[in-house]
Amino acid sequence: MLPLKKGDKVGIVSSAGFINSIDDIQLALDYLKSLGLEPVLGKHLLDKYFYMGGTDIDRAADINDFFADDKIKAIFTTAGGCGALRTLPFLNYDLIAKHPKPIFGLSDNTSLQNGIYAQTKCPSVTGFSLKYDFRNGCFSEFTKKSLETVFSGRKQKIQSGEPLNFGQGEGILIGSCLSTFRNLFGTAYMPDLDGKILLLEDRAEKTHKIAVMLTQLAMQKNFDKLAGIIFGQFCECDPFEAQDGTTDEAIYEFAKKFAHNIPIIKNFQFGHIPDRYVLPIGEKVRMDADTCTLEYL
């Protein structure tokens, strides 16, 4: 599905939260154009419905339309926020499976990317969002370099983080934002954990809630068959009460209690941070917790 090349058309959708106007993403559109890509705006791009970029059916319709159009080579989400999960029942999975293309997104779009993967095996790309990455009027050079490596189709071998549990693993990378991924638990849109490498990060969640979400994760079918776990950054994740402990302590307790036989890297450079790697969801990777490396296969 990748690389993207000059002249390729890419769809732009508001799959989760709304944007106020095209000005919210104009710098990002200009950036895509500077690479020779041709952004095509979804029909409902500027819609608003409560906190979302349009009704569930209309947001899903924009996604379906772009999958149906073979001239569209990738789909970019405008923003995170909330609501991407609600599009999943209205997507045409037979269509998506026949016309696979990556969806680029971050944060709340974790549910969209992983839900589509669970239903179709269509991969996506996590770590880039049009509004979020240009919110300060500029784009991180670090993230830009990683994104353009993904655009080029070149493989990445990344060294980042610290070992928590030693060992190596090979499998399909899934996950991203923990609280949004957790919303898939118990649904038809939850990927099978067997043989997967799970990427996790989050923002603005209290530490006791992170501990509960990790405990719920350990209760999911085939959790014990994970090939590895990569913890990214947990930003603004503070204790509600002093006795709640830190995020690091919640992760350590989880690893010791539930995942002591699974290779784990922590503090990987990914998440709601300015400088992050852009990573494949639904594609095969190899991780080595001994050397803290992640490699596309």
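The model is predicted, so local features need a pLDDT of at least 70, side-chain atom pairs count only at pLDDT 80 or more, and totals for chains, interfaces and linings use all residues. Residues are numbered from 1 along each chain as its sequence is written, and side-chain values use heavy atoms, with hydrogens and water left out.

Start with the interior. A residue is buried when its relative accessible area is under 20%, exposed when it is over 50%, and partly exposed in between (1.4 Å probe, protein chains only). A nonpolar core is a set of buried Ala, Val, Leu, Ile, Met, Phe, Trp, Tyr and Cys residues joined through side-chain atoms within 4.5 Å. The largest nonpolar core has 47 residues. Within this core, Phe223 and Ile229 touch the most other members. Helix α8 (residues 207-218) gives the most to this core, with five residues. Helices (H or I, at least four residues) and strands (E, at least two) are DSSP runs, numbered from the N terminus.

Which residues does Phe223 contact, leaving aside its neighbours within four places in sequence? They are Leu193, Leu217, Ala218, Ile229, Phe254, Phe258, Ala259 and Ile262. Contact here means heavy atoms within 4.5 Å. Another core lies apart from the largest one and has 43 residues. Leu4, Ala28, Leu173 and Tyr277 are among them.

Helix α4 (residues 110-120) is also well inside. Nine of its eleven residues are buried, so α4 is largely enclosed by the rest of the structure. The buried ones are Thr110, Ser111, Leu112, Gln113, Asn114, Gly115, Ile116, Tyr117 and Thr120. Lys121 follows α4 and has a positive phi, near 70°.

Other residues also have a positive phi. Most residues other than glycine have a negative phi. Phe50 has a positive one, near 55°. Phe50 sits in the loop between β2 (38-41) and α2 (56-68). Is Phe50 buried or exposed? Phe50 is exposed, with a relative accessible area of 67%. Ser176 has a positive phi too, near 140°. Ser176 belongs to strand β8 (residues 168-177). Ser176 is buried, with a relative accessible area of 0%.

Now the pockets. On a 1 Å grid over the protein atoms alone, a cavity is a set of points where a 1.4 Å probe fits but cannot get out, while a pocket is an open set with protein on both sides within 12 Å along at least five of seven lines; lining residues have an atom within 4 Å of a point. Grid points are joined across faces, edges and corners, and a volume is the space filled by probe spheres set on the points.

The largest pocket has a volume of about 320 Å³. It is lined by 20 residues, and Gly81, Ser107, Asp108, Ser179 and Thr180 are the closest to its centre. The elements that give two or more residues to this lining are α7 (178-182) and β9 (196-203). By class, the lining of the largest pocket has six nonpolar, eight polar and six charged residues. Ala, Val, Leu, Ile, Met, Phe, Trp, Tyr, Cys and Pro count as nonpolar, Asp, Glu, Lys and Arg as charged, and the others, Gly among them, as polar.

The second largest pocket has a volume of about 230 Å³. Its lining has 15 residues, with Leu2, Val150, Gly153, Lys155 and Glu283 nearest the centre. Here β5 (124-126) and β12 (279-281) are the elements that give two or more residues. This lining divides into ten nonpolar, two polar and three charged residues.

Phe128 is in the loop between β5 and α5 (130-133). Phe128 counts as buried, at 1% relative accessibility. Phe128 and Leu147 are 19 residues apart in sequence and 7.5 Å apart in space, C-alpha to C-alpha.

Gln243 lies in the loop between β10 (228-235) and α9 (247-258). Gln243 is exposed, with a relative accessible area of 66%.

Last come the cysteines. A disulfide is a pair of cysteine sulfur atoms within 2.5 Å. The count by this rule is zero. The sulfur of Cys237 is 7.0 Å from the closest cysteine sulfur, in Cys235, too far for a bond. Cys235 counts as buried at 14% relative accessibility, and Cys237 counts as buried at 8%.
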